[in-house]
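Q: Could you walk me through this model, one feature at a time? Please give the idea first, then the case.

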Amino acid sequence: MAQVQAESLDQGKLAQAVAALDPVVALMSLIQITGDRTLLDKYGAALDGTQDKTREAFVAIDGPLEHDEASAEVADEVRARLLNAVLSGREPILPKLDMALFRRMSRLTLGLDLPEMSLEPAYQHSGFTTDDRVRIPQRTPEPGFKVLVVGAGMMGINAAIKLQQAGFDFQIVEKLHDVGGNWLENTYPGAAVDTPSRVYSFSFEPNGSWTKYYPNGPEFLSYLSRVTDKYGVRDRIDFNTRVSGAEWDEARHLWVLNAERDGQPITYEGNALIWAVGPNNAANYPDVKNLDAFKGKVIHSAEWDSNTDLTGKKVVLVGTGCSGVQVATAIADKVKDLTIVQRQPEWIIPNPTAHDPVDPRERYALEHIPFVKQWKRLQGQSSQMQDMRGMIMRDDEHAAKTGGFAPLNDGIKAMCRHYLASHFPDDPEMVKLLTPDYIPFAKRPILDCGFYDTLKKPNVSITRGTLAECDATGVILADGRHIDCDVVLLSTGYKLFFGRQFDIKGIGGKTLKETFEPFPFSYEGMLIPGFPNMVYLGGPYSFLVSNHAVVSEQQVHYTIELLQWMVDEQLTSVDVTKEATEAFLAEVEPQLERTAWVNHGNAHGYYRDKGQKVILAIPRHNSQIWHIMREPRYGDFKVTKAAHAEPVTKTLEPVSI
């Protein structure tokens, strides 16, 4: 943590920020700046119970999460001491915390004890430490050892920064003109992050300057761009270069990456290949007869046409998933008439801060008071660090007694039902229309961004149905209803490829497409046997346990550990075994059978590949995954040593990146 330059602070703004700061967070910051851990005993008991327990969208599961008011005398004293400590400009004494102290401080900050297995993950993902390496490097990469990365979105940027810090030569290949991936491509009205901004960012680069609790797409894209430039990896990216495939050269133990730029073929060679493209890579167009017959505009939200003016138009919007509700809310006041076609209703979760700006005093505290970002980030991660299995995993005893699924899942259902009814107290037909007949998390719940209020507008209507056909003047639903319109907007999601869009050839020329029949699979969400030295970040069995930032950081850490093992042992190839992969699948697939993702009733959605098998999710607590990802289980790999391999003669010092 860099020293605060007191002379650069606006003392008036700082005083206001400190006065508005949660006194518990103020105490945590004060302890780290001063190094005086006795303050925890002096003030802790008086402040316990006053913690800010807001859990963003989940605040209403058990009713409002109110907290006690801190003693004015104690709060004022803590804040006054913090103000003086910050103005002193001194270097913080405790930038890092031992786990025993962090356990006590997190208990006071959250008002609960984290599970033991969540302490270390919480410490890292809150940003108190950068990604501490587990393997002590014995060698540095040899000249010519190169890592290829496909994709410059969130995962690719993460991989680039960590590869650079670990001393690896690398090259990123990106099809777009800039960094950002989906956040560069998705420019539809209302596009926004549906994970709280405090936690949807890199733990090693927390951002205290978010203007909203849920930032819009451009603001998040700006964050990714700033991080790219701060760490100096932009000049390692070949933009406007579209990858078509890759082939493993068995004779040389290299990957040959095939791409095209400006109409010309281009190839890259690397010792290792990282796919950082994510599963969502192309707009999913519904099977609609005579779509071309429509004389107006047809726009998919994933391929938004910014030149289209919707003002005064009659619009049909198909789809009410995450992007659909955001589009509807954003355009309702602009269009003449908006008809929303909903294939099936969604569970919508209250989200009181969906559009709220961050209080300027809070922003100033996050930007200028050491460690506030980290403690606020920990509070934002509280729920995902606890035991949330009752949200996803079936509780057999509870189900037998109540006919429900699990206590927490049933509680979320009750919360959503109450929230829906509260918006339409005099319209039982609307409540019926918008009530799902499947359990929460059978498909992705929607955080409300104002959708229910949008449906109350006089120019907005919603109907249950499926788009089947178009003619010159509008759309025709499967039941034969015709809806006149000027524009058709499709918010029908993405195709999930998991690398099948590329021509990837592994050992013996076997393609990834062939390997992934009938369904994609992986080892630990990242590796596929028969494809040596290749990591697929965000592969099958990776998601729905935490937000994308957390998952990708864990996987990038594992990748660096794997690459360092190759360097230390002078290995030319590492290939996860079929047996290890089958053991992984044998563990997770029976657990998946007990989840809401599999017990989905009639719920549609992208969780199931080809509408059949759940391969997106992994039925583990994210903290368990964090520990598993600390280093490879070396016995799970077949390896080839370089012909010139020599034993290690010198041990290098541990490093932290």
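Q: Which residues do ring pairs link into a cluster?
A: Look for rings whose centres lie within 6.5 Å. In this predicted model, ring pairs join Trp183, Tyr200, Phe202, Phe204, Trp210, Phe220, Tyr223 and Tyr231 into a cluster.

Q: How many aromatic pairs does the count come to?
A: The count by this rule is 27 aromatic pairs. One of them joins tyrosine 123 and phenylalanine 128.

Q: Why is the pair of tyrosine 123 and phenylalanine 128 called stacked?
A: Check the angle between the planes. Under 30 degrees counts as stacked. Here the planes stand at 15° and the ring centres are 5.5 Å apart, so the pair is stacked. Tyrosine 123 and phenylalanine 128 are both buried.

Q: What angle lies between the planes of phenylalanine 145 and phenylalanine 168?
A: That angle is 50°, and the centre-to-centre distance is 6.0 Å. This aromatic pair is tilted. Both phenylalanine 145 and phenylalanine 168 are buried.

Q: Which parts does the pair of phenylalanine 145 and phenylalanine 168 tie together?
A: Find the place of each partner. Phenylalanine 145 is in the loop between helix H6 (119-125) and strand E1 (146-150). Phenylalanine 168 is in the loop between helix H7 (154-165) and strand E2 (169-173). The pair therefore ties together parts that are 23 residues apart in sequence.

Q: Where does the charged end of lysine 162 sit?
A: Now look for a charge above a ring. The charged end of lysine 162 sits over the ring of phenylalanine 204, 4.3 Å from its centre. Phenylalanine 204 is also one of the cluster residues. There is another case: the charged end of arginine 630 sits over the ring of tryptophan 626, 4.1 Å from its centre.

Q: At what angle do H7 and helix H20 pack?
A: For a helix pair, read the axes, then the handedness, then the residues. H7 and helix H20 (residues 548-569) pack at about 40°, and their axes are 9 Å apart. Their crossing is right-handed. On the H7 side, the contact includes Met154, Asn158 and Lys162. On the H20 side, it includes His548, Glu553 and Leu563. By class, this contact has 8 nonpolar, 3 polar and 2 charged residues.

Q: Which residues of H1 and H4 meet?
A: The axes of helix H1 (residues 11-20) and helix H4 (residues 72-88) come within 9 Å and cross at roughly 145°. The crossing of H1 and H4 is right-handed. From H1, Gln11, Leu14, Ala15, Val18 and Ala19 meet Arg79, Leu82, Leu83, Val86 and Leu87 of H4. The contact residues divide into 8 nonpolar, 1 polar and 1 charged.

Q: What do most residues and peptide bonds show in their backbone angles?
A: Most residues other than glycine have a negative phi, and most peptide bonds are trans. Now look for departures. The peptide bond from glutamate 517 to proline 518 is cis, with omega near 5°. Proline 518 lies in the loop between helix H19 (512-515) and strand E21 (534-536).

Q: Which value does phi take in asparagine 290?
A: Phi of asparagine 290 is positive, near 60°. Asparagine 290 is in the loop between strand E8 (280-283) and E9. Its relative accessibility is 39%, so asparagine 290 counts as partly exposed.

Q: Is phenylalanine 371 buried or exposed?
A: Buried means under 20% relative accessible area. Phenylalanine 371 has 2% relative accessibility, so it counts as buried. Its phi is positive too, about 75°, although phenylalanine 371 is not a glycine. Phenylalanine 371 is in the loop between helix H11 (360-368) and helix H12 (372-380).

Q: Which residues is threonine 308 in contact with, leaving aside neighbours within four places in sequence?
A: Threonine 308 contacts Lys297 and Ile299. Threonine 308 is in the loop between strand E9 (297-300) and strand E10 (314-318). With a relative accessible area of 15%, threonine 308 is buried.

Q: What separates the C-alpha atoms of methionine 117 and methionine 385?
A: Compare sequence with space. These two are 268 residues apart along the chain, and their C-alpha atoms are separated by 9.0 Å. Methionine 117 lies in the loop between helix H5 (99-110) and H6. Methionine 117 is partly exposed, at 35% relative accessible area. Beyond its neighbours within four places in sequence, methionine 117 contacts His621, Ser623, Gln624 and His627.

How values were computed. Residues numbered from 1 in each chain as written. Predicted model: local features only at pLDDT ≥ 70, side-chain atom pairs only at ≥ 80, totals over all residues. Heavy atoms only, no water. Axes fitted to C-alpha atoms, helices over the stretch in contact; angles between N-to-C directions. Helix = DSSP H or I, 4+ residues; strand = E, 2+ residues; numbered from the N terminus. Left-handed = near helix turned anticlockwise from the far one by under 90°. Contact = heavy atoms within 4.5 Å. Nonpolar A, V, L, I, M, F, W, Y, C, P; charged D, E, K, R; others polar. Buried < 20%, exposed > 50% of the residue type's maximum accessible area, 1.4 Å probe, protein only. Phe/Tyr/Trp six-rings, centres within 6.5 Å; stacked < 30°, edge-to-face > 60°. Lys NZ or Arg CZ within 6 Å of the ring centre and 35° of its normal.
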